[in-house]
Amino acid sequence: ACPDLVILDLNLPGLAGGEVLRLLRSGIACREVPVIVVTSSDSREDRAMVLGLGANAYFRKPSDFDSFMKLGGVAIRVLEESSGS
């Protein structure tokens, strides 16, 4: 079974988050699962790369808790868009 949503950190140890996303999108079973990439990177290149690989959203990790909690709103928006609501 596939998850309803993947929240993927771009800077993973071992296999990079971009590679995980590429593998997810190239597979058959869960290729349509919405993905939010969460990262501390503010790089335009990183953003373009993951959106080009099929990420549904890019969320830059802020330094404060209140701003980080905005990830919930991003997740709701992505889930609504992926369900056609």
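**Labels and the values behind them**

Author: Gladly! Let us start with a pair of charged side chains: lysine 61 and aspartate 9 meet in a salt bridge, with 2.9 Å from N to O. This pair ties together parts that are 52 residues apart in sequence, because lysine 61 lies in the loop between β3 and α3 while aspartate 9 is in strand β1. Please keep in mind that the model is predicted.

Reader: What makes the contact of lysine 61 and aspartate 9 a salt bridge?

Author: The label asks for a side-chain nitrogen of Lys or Arg within 4 Å of a carboxyl oxygen of Asp or Glu. The N to O value for lysine 61 and aspartate 9 is 2.9 Å, so the pair meets the cut-off of 4 Å.

Reader: Why is lysine 61 called partly exposed, and what about aspartate 9?

Author: Partly exposed is the class between buried, under 20%, and exposed, over 50%. Lysine 61 has 30% relative accessibility, so it counts as partly exposed. Aspartate 9, at 24%, is also put in the partly exposed class.

Reader: How many salt bridges does the structure hold?

Author: There are four salt bridges. Another one joins arginine 22 and glutamate 19, at 2.6 Å from N to O. These two residues are three apart in helix α1, which means about one helical turn separates them. Arginine 22 is partly exposed at 37%, and glutamate 19 is partly exposed at 27%.

Reader: What makes aspartate 42 and arginine 60 a salt bridge, with their closest N and O atoms 3.9 Å apart?

Author: The cut-off is 4 Å, and the value for aspartate 42 and arginine 60 is 3.9 Å, so the label holds. The pair ties together parts 18 residues apart in sequence, because aspartate 42 lies in the loop between β2 and α2 and arginine 60 in strand β3.

Reader: Which backbone oxygens does the side chain of arginine 25 reach?

Author: One is the backbone oxygen of arginine 31, which lies 2.6 Å from a polar atom of the arginine 25 side chain. Another is the backbone oxygen of valine 33, at 2.7 Å. Beyond four places in sequence, arginine 25 touches residues including Pro34, Leu53 and Asn56.

Reader: What places the buried residues of α1 on one face?

Author: The buried residues of α1 are Gly17, Gly18, Leu21 and Arg25. Seen down the axis, they fall within an arc of 100°, so they line one face of the helix. What covers them includes β1, β2 and α2.

Reader: How do you know that the span of helix α4 agrees with its number of residues?

Author: Helix α4 has 13 residues, and at 1.5 Å a residue they should span 18 Å. The end C-alpha atoms are 18 Å apart, which agrees. Within α4, Leu71, Val74, Ala75 and Val78 are buried. They cover an arc of only 100° around the axis, which puts them on the same side of α4. They pack against β1, β2, β3 and α3, whereas the face turned away from the buried side carries the exposed residues Ile76 and Ser83. Glycine 84 follows α4 and has a positive phi, near 85°.

Methods. Residues are numbered from 1 along each chain as its sequence is written. This is a predicted model: local features need pLDDT of at least 70, side-chain atom pairs count only at pLDDT 80 or more; totals for chains, interfaces and linings use all residues. Side-chain values use heavy atoms; hydrogens and water are left out. A polar contact is a pair of N or O atoms within 3.5 Å; within protein, one must be able to donate a hydrogen and the other to accept it, and residues adjacent in sequence count only if both atoms are side-chain atoms. Contact means heavy atoms within 4.5 Å. Helices (H or I, at least four residues) and strands (E, at least two) are DSSP runs, numbered from the N terminus. The expected span of a helix is 1.5 Å times one less than its number of residues. Buried means under 20% relative accessible area, exposed over 50%, partly exposed in between (1.4 Å probe, protein chains only). The arc is that of the directions from the helix axis to the C-beta atoms.
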